[in-house]
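The sequence and model come before the discussion.

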Amino acid sequence: MQLYHNALSSCSQKVRMVLHEKALTVEDKLIDLQKGEQFDPAYMALNPNAVVPTLIDNGNVMIESTLINEYLQDTYPDISLVPKDTYERHQMRLLVKKIDDSLATACGVITYSIAVRPALLARPREDVDAMIAKMPSAKKREMRTAVVDLGVAAPQFKEAMQTHQSIFDTAETMLTAHKWLVSETFSLADCALMPYVVRIDHLGQQHEIESRPNLKHWYEAIQARPSFNDAVTKWAPAAAVTMFKQAGEAVKDEIAKVMQS
Ligand SMILES: N[C@@H](CCC(=O)N[C@@H](CS)C(=O)NCC(=O)O)C(=O)O
C-alpha cells in the first residue's frame with residue numbers, strides 16, 4: 001500500500017491511526033501542502049480534489065479519508081474497528097458523517113486563520129493568490145481568501161469555532177455512557193474525532209478540552225494508545241507544535257473578543 005499524506009494534516013492523521021491500529025504498513029508518499037504539491041497534475045490525476053490523503057492498494061486508488069478507513073476495515077477486518085452491535089455502528093457512522101460534514105472544513109478555517117496565515121502573509125501576495133486559484137472548490141477558495149485577509153476576524157472563524165464546540169458537546173454527552181465514543185470498543189468514530197481535538201490542543205485552545213471532563217479523559221486515553229504516536233506524535237515536529245501554540249497565544253485576546261461578539 002502507498003499512502004499520499006501530509007505530516008500535520010487532520011485527514012492524514014485519521015487514516016494513519018486506522019492503519020496502525022490494524023498493524024498495516026504503507027509506503028509513505030509525503031505531499032507538502034504549503035509548497036502546493038497537491039496541485040501537481042500527476043497527484044491530481046490520483047486525487048482530483050487536490051487534497052490528502054490518497055491510498056493505493058493493489059493498484060486501486062482511493063480518496064476521501066472516511067471511505068479509505070471503511071475500505072481498510074472491510075478489507076482488513078481481523079483487528080476490527082467497528083462495534084458488533086448494528087445500532088452502535090449506526091451511531092459510529094452518524095458521528096463520522098457529522099464530523100465530515102462540518103468539522104473537517106471548520107478545522108481548516110481555524111488552522112489557517114491562526115497558524116498558517118502568518119507564514120502566508122510573509123510570502124508575496126500574488127504567490128498566495130496563485131495557489132488559492134488552483135483550489136478546485138470555489139467555496140474553499142472563498143474561505144481561504146477570507147482567512148488570509150482577515151484571520152480570526154473572518155466571519156467564517158467564529159462559525160468554525162462554534163462547530164468545534166457543538167461537536168465537542170456531542171462527544172461529551174456520548175462519553176457519559178462508555179469509555180469510547182460509541183461503546184466500550186474503540187472504533188472508527190474515535191479515529192475520526194481524534195485529529196480535531198489534537199488540532200484544538202495544538203492551537204492553544206486547550207480550554208475547549210479541559211472544560212469538558214469526559215472529552216479530556218477520552219483525549220488522555222487516546223493519546224496513550226500506541227497508534228497515537230504513529231498517527232500524530234512522530235509526524236508532528238516539536239517546532240511546528242510550538243509554532244502552532246505560539247500562534248494561538250498571539251491571537252488569544254482577539255479570539256475571545258470574536259467569540260463574545
Ligand atoms: N474530504 C476529504 C478532505 C481532505 C482535505 O481537505 N485534506 C486537507 C488536509 S486535512 C488538504 O489536503 N488540504 C489541501 C489544501 O487545502 O490545499 C477527506 O476526508 O479526505
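Helices (H or I, at least four residues) and strands (E, at least two) are DSSP runs, numbered from the N terminus. Residues are numbered from 1 along each chain as its sequence is written. The model is predicted: local features need pLDDT of at least 70, side-chain atom pairs count only at pLDDT 80 or more, and totals for chains, interfaces and linings use all residues.

**Ligand shell.** H1 and H3 each give at least two residues to the shell around the ligand. That shell holds 13 residues, with Ser9, Cys11, Val51, Val52 and Ser65 the closest; a residue counts as near if its C-beta atom, placed from the backbone, lies within 6 Å of the molecule.

Domain 1 puts 19 residues into the contact and domain 2 puts in 23, where contact requires C-beta atoms, placed from the backbone, within 7 Å. On the domain 1 side, helix H1 (10–21) and helix H3 (65–75) are the elements that give two or more residues, and H1 has the largest share, 9 residues.

**Helix H6.** Helix H6 (residues 138–150) has 13 residues and spans 18 Å from first to last C-alpha, close to the expected 18 Å; the expectation is 1.5 Å times one less than the number of residues. Met143, Arg144 and Val147 of H6 are buried, whereas Ala138, Glu142 and Asp149 on the other side are exposed. Buried means 20 or more other C-beta atoms within 10 Å of a residue's own, exposed 12 or fewer, and partly exposed in between, with C-beta atoms placed from the backbone. Down the axis, the buried residues of H6 fall within an arc of 100°, so they line one face; the arc is that of the directions from the helix axis to the C-beta atoms. These buried residues pack against helix H4 (86–121), helix H5 (125–133) and helix H7 (155–174). Just after H6, Gly151 has a positive phi of about 60°.

**Backbone geometry.** Most residues other than glycine have a negative phi, and most peptide bonds are trans.

| Residue | Phi | Other C-beta atoms within 10 Å |
|---|---|---|
| Ala50 | near 55° | 19 |
| Glu64 | near 75° | 18 |

Ala50 sits in the loop between H2 and S3, and Glu64 in the loop between strand S4 (60–63) and H3. The Val52 to Pro53 peptide bond is cis, with omega near 5°. Pro53 is in the loop between helix H2 (41–46) and strand S3 (54–57).

Technical notes
Two residues are in contact if their C-beta atoms, placed from the backbone, lie within 7 Å.
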